[in-house]
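Work through the exercises below with the sequence and the model in view. Each task is followed by a solution in steps.

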Amino acid sequence: MSLRNDPPPPYPGSLTIAMFGKSIQLKNTIGKRILNDNSAFNNLSNNFVVEMKNGFKVINTPDFFEKECPSPDQLIIDFLAHCHPAPNLFILAIDTENSEEEKIVDQIKQLQEIFGENTTLHLVILFQDFERFHSLDHLKQSFKTRLATANENLPEECRKWCSAHPCFLYEYKNYSEDVVKRRKAALEKISHGDPLHQHGREGAPAMTPSTSQDALTIPAPEHYGGNSVCEDDIFNIVLLGLSGTGKSASANTILTALGTRNDSKHLFKSEANSVMTTTRCEVKLVKSSRRTVRLVDTADFLDEQLEDAQAQVDECKKYCQRERCMVLLVLQLGRFTERDRDILPRLEDKLGWKIREKTIVLLTHGEELKGSLKKYLTAMDPLSNLIKQCGNRYHLFNNKSKKSEQVRQLIKKCPCYEPRFEILGQDPKDDCLLL
């Protein structure tokens with residue numbers, strides 16, 4: 001989990017307002033009034049539309065509440081990119097046809113689920129219907145938010161609302177801020193290379209699987225001291241750690257979630273003991289029409305009993321490349337030894353680069369956790385320090401569970417997470433994730 005501790009600075013030179021709602025026409029009307037410009041927001045497509053004037057940057061969003069949305073994760077990343085570093089205000093536009101209390105409450109809760117519980121502190125619910133505005137006044141207390149109507153004084157009202165709180169603070173739990181910044185840069189390139197905030201008008205569509213590879217170009221992999229690297233376009237998930245921590249079992253959990261058949265031919269050999277089972281780099285590929293992922297299970301490079309240790313390190317280097325891999329540093333919950341304390345710098349010395357930049361600490365044996373993981377980590381200073389060195393990214397696995405959601409959440413925490421690597425859906429027949 002990656003957290004930001006300090007509130008981001010305001011968007012330079014303007015107040016950023018994010019507009020949500022079911023009705024494109026109503027969002028456009030509100031946008032015109034905020035900017036005091038009737039020529040603004042004439043686009044009726046269900047895409048992001050960004051316009052700036054009179055000290056405001058207004059972002060009209062696609063329908064975030066559409067249940068059949070094909071790529072919700074991409075929609076969120078695109079939104080964060082348009083708003084980066086932070087929005088000042090959220091507006092939920094309620095049109096007459098969608099003004100039932102149940103629908104409004106559902107939309108508020110969805111915004112909280114996506115952006116966090118404190119979203120409502122920065123939220124104003126704008127009603128098209130004056131009577132509904134009065135009849136639902138109790139929502140102010142229920143959600144600690146504001147209610148208003150789309151009146152002619154919106155510019156001044158928005159300035160007042162924005163000044164009531166600092167910029168919205170988004171906690172990057174499921175998405176890396178680096179990915180958001182790269183997506184922002186990609187959107188700027190789409191807009192003829194000009195920064196988003198210099199545009200008076202912009203309507204870049206949400207990225208689709210067909211356009212994502214052009215928008216987000218991954219740099220060529222680096223070479224390590226003459227060692228060969230894999231020049232393919234496969235994304236690598238490399239599992240590192242000491243013997244007996246659950247590397248192979250965790251790799252199998254990921255493979256199974258990605259649709260690999262659960263048999264010895266297609267999975268890594270895994271045994272529940274502290275004796276070294278994996279003595280060399282082993283690789284499994286998961287292919288689909290959308291993406292190919294390579295799982296790399298490794299030996300314990302730090303074990304003095306490992307034969308041909310340098311050869312195994314060199315083999316691992318082929319796959320452990322800065323821009324095309326995610327490193328999982330596997331540790332067993334409840335077993336943090338002296339060897340674990342300095343494992344990160346020792347592995348970095350072996351592999352020749354700061355793998356912590358691409359590392360998630362993966363804790364296994366999650367089924368044995370009693371109580372809160374956060375409290376457990378707070379009481380374990382050495383483990384907490386290791387996690388901090390890895391950008392506060394960590395995840396808990398229960399390798400006895402067959403639920404694929406734990407793998408979905410792990411992938412989202414990848415430091416180089418991009419829609420190209422996104423797990424987009426599930427096979428309803430076998431609950432396998434589809435790449």
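A residue counts as buried under 20% relative accessible area, exposed over 50%, and partly exposed in between (1.4 Å probe, protein chains only). The model is predicted, so local features need pLDDT of at least 70 and side-chain atom pairs count only at pLDDT 80 or more, while totals for chains, interfaces and linings use all residues. Residues are numbered from 1 along each chain as its sequence is written, and side-chain values use heavy atoms, with hydrogens and water left out.

**Exercise 1. Confidence**

Task: find which elements of the protein chain have the lowest and the highest mean pLDDT.

Solution. Step one is the term: pLDDT is the predictor's confidence in each residue, from 0 to 100. Step two is the chain: the average is 79, and 78% of the residues score at least 70. Step three is the elements: helix α8 (residues 212-215) has the lowest mean, 28, and strand β4 (residues 89-94) has the highest, 96. Helices (H or I, at least four residues) and strands (E, at least two) are DSSP runs, numbered from the N terminus. Step four is a stretch under 50, residues 192-229. For this stretch the model has 88 contacts (heavy atoms within 4.5 Å) beyond four places in sequence.

**Exercise 2. A hairpin**

Task: state how many bridges join strands β2 and β3, and describe the turn.

Solution. Two strands pair if DSSP finds at least two bridges between them. Here β2 (residues 49-53) and β3 (residues 56-60) run antiparallel and are joined by 5 bridges. One of the partners is I59 in β3, which is bridged to V50.

**Exercise 3. Salt bridges**

Task: are R183 and D78 buried or exposed? Then compare their setting with that of E315 and K318.

Solution. A salt bridge is a side-chain nitrogen of Lys or Arg within 4 Å of a carboxyl oxygen of Asp or Glu; by this rule the count comes to 12. The side chains of R183 and D78 meet at 2.6 Å, N to O. This pair links distant parts of the chain, with R183 in helix α7 (residues 177-190) and D78 in helix α2 (residues 72-83), 105 residues apart. R183 is buried because its relative accessibility is 1%, and D78 is buried at 1% as well.

E315 and K318 form a salt bridge at 3.2 Å, N to O. Both lie in helix α10 (residues 309-319), 3 residues apart, about one turn of the helix. E315 is partly exposed at 24%, and K318 is partly exposed at 25%.

Another salt bridge joins R356 and E348 at 2.8 Å, N to O. E348 counts as buried because its relative accessible area is 10%.
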